[in-house]
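Please keep the structure open as you read.

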Amino acid sequence: MNTDAETLTDKTGGLQRGLTARHIRFIALGSAIGTGLFYGSAEAIKRAGPSVLLAYLIGGVAVYLVLRALGEMAVRNPVSGSFSEYANKHLGPLAGFMTGWTYAFEMVIVCLADVTAFGIYMQFWFEDVPRWIWALAAVFFIGAINLLSVKVFGEMEFWFTLVKITAIVAMIVGGIAIIVFGFGVHDTDVGVTNLFSDGGFFATGLGGFVACFAIVMFAFGGTEIIGITAGEAEDPATTIRKAVNTVPVRIMVFYICTLAVIMAIIPWQSINSGNSPFVQIFENLGLGIAATILNIVVITAALSAINSDVFGAGRMMFGMAQSGHAPQVMKKVSRNGVPWMTVVIMTIALLVGVLLNYLIPDKVFVVIASLATFATIFVWIMILLSQFRSRRQMSADDTAALKFPVPLWPYGQLFAIAFLAFVVVLLGVISDTRGALAVGAGWLVLLAGAYYLWVKPALNATDRSDA
């Protein structure tokens, strides 16, 4: 594809295909390396101890199967509505409507977690400044970026993510050096025994290991943005395939290796959920400058995640407006090919996060993470069901022609569906997350009511007028 593709307008309604393979790979990386890892991992460690590493591995396998299912559909049919459109096509209009709006809801909730984390990180330097002020600044900064062209967004996300990757790799290398050589801040005789001492690998028991999945799965939320980028990718068949295939390596390096190094250097009991464990590890070792640098990195991570989530939600609402599942005002596109009204709507929604940080600063993250986990898992299940139904409807020739077929068909998909259903049940069992499950169920009921009261009659009226 030539470079003129960056200025071509997507024939589906005004979006520009300005995202290159480099952009999409880093958007995919950025969506998976955010608040869930840099901040939420502390809560997961608190619940499970060292066994959290196994939880991230199991959860990562399930997420990879979800993304392969999404990749199969996105490569075959790259559209701006992505998995909402796939659910609409293969499971019915109600499923498409609920999937799209739940994804937008997920992105709002995840963004609220990210702006909350941003405020917490800034308090590392400015303890006396209220957290909500930093949250407000982050909202307006990211809103402004997303009103620029998609290429500017892609470049910003590329540099945000490059900072995160460089820092994580440096931390892993530095951490391994500390474990091996000590440098006067770590007892080399301890080695990696912190992962197995004081209660063993499953230090908090099976209950703690199972309970951590609610936070672990939140960390992977947002990875499905890979499918959203298909509508603005220069070469979807190539870029989507490459982005999805990097997921296993990302999970092993950025989650499992990183947290293993952290817990090997300092006992997991010393990690508290009030700050990023990445910053805590260097604070505990007396490396103040390194802690300051890492705090800059986790701030970058939070901004990157907000950036990606605003993009993903905006494009989803744009695609739904095209199919009649969202108000037509959301189809408004700027001269730069940006659906500006959806960005404005997301920015207004994020002001709720500012209010929550003002009203309940101590409880806001756990509440938000639980809600985001429910919404994320619902979207993932719908992706899996859409791909499952799609494959069942294919002829043998259609299946043979797939450019990016899912692995382990159909057993991998069945495992992923069963595992995600288990996590939903888990949300209802754990007292801290039970309220989130109730809110999530109420959200789905409201969506179903809205569909039958307003959307379905409008779609039927349109069909009759077209006839």
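Helix α4 has 25 residues and spans 36 Å from its first C-alpha to its last, close to the 36 Å expected at 1.5 Å a residue. That expected span is 1.5 Å times one less than the number of residues. Helices here are DSSP runs of H or I with at least four residues, strands are E runs of at least two, and both are numbered from the N terminus. Of the 25 residues of α4, 20 are buried, so this helix is largely enclosed by the rest of the structure. Buried stands for under 20% relative accessible area, exposed for over 50%, and partly exposed for what lies in between (1.4 Å probe, protein chains only).

A word on the source: this is a predicted model, in which local features need pLDDT of at least 70, side-chain atom pairs count only at pLDDT 80 or more, and totals for chains, interfaces and linings use all residues. Residues are numbered from 1 along each chain as its sequence is written, and side-chain values use heavy atoms, leaving out hydrogens and water.

Now to the charged pairs. How many salt bridges does a search of the whole structure find? The search finds two, taking a salt bridge as a side-chain nitrogen of Lys or Arg within 4 Å of a carboxyl oxygen of Asp or Glu.

| Salt bridge | N to O distance |
|---|---|
| Glu72 and Arg391 | 2.6 Å |
| Glu43 and Arg47 | 3.3 Å |

Glu72 lies in α4 (residues 52-76) and Arg391 in helix α17 (residues 364-392), so their pairing ties together parts that are 319 residues apart in sequence. Glu72 counts as buried at 2% relative accessibility, and Arg391 is buried too, at 9%.

The other pair is local: Glu43 and Arg47 both sit in helix α3 (residues 40-48), four residues apart, about one turn of the helix. An α-helix has 3.6 residues a turn, so residues three or four places apart point the same way. Both Glu43 and Arg47 are buried.

Stepping back, the protein chain holds 20 helices and zero strands. Buried residues make up 59% of its 467 residues. Among contacts (heavy atoms within 4.5 Å) between residues at least 6 apart in sequence, 80% join residues at least 24 apart.
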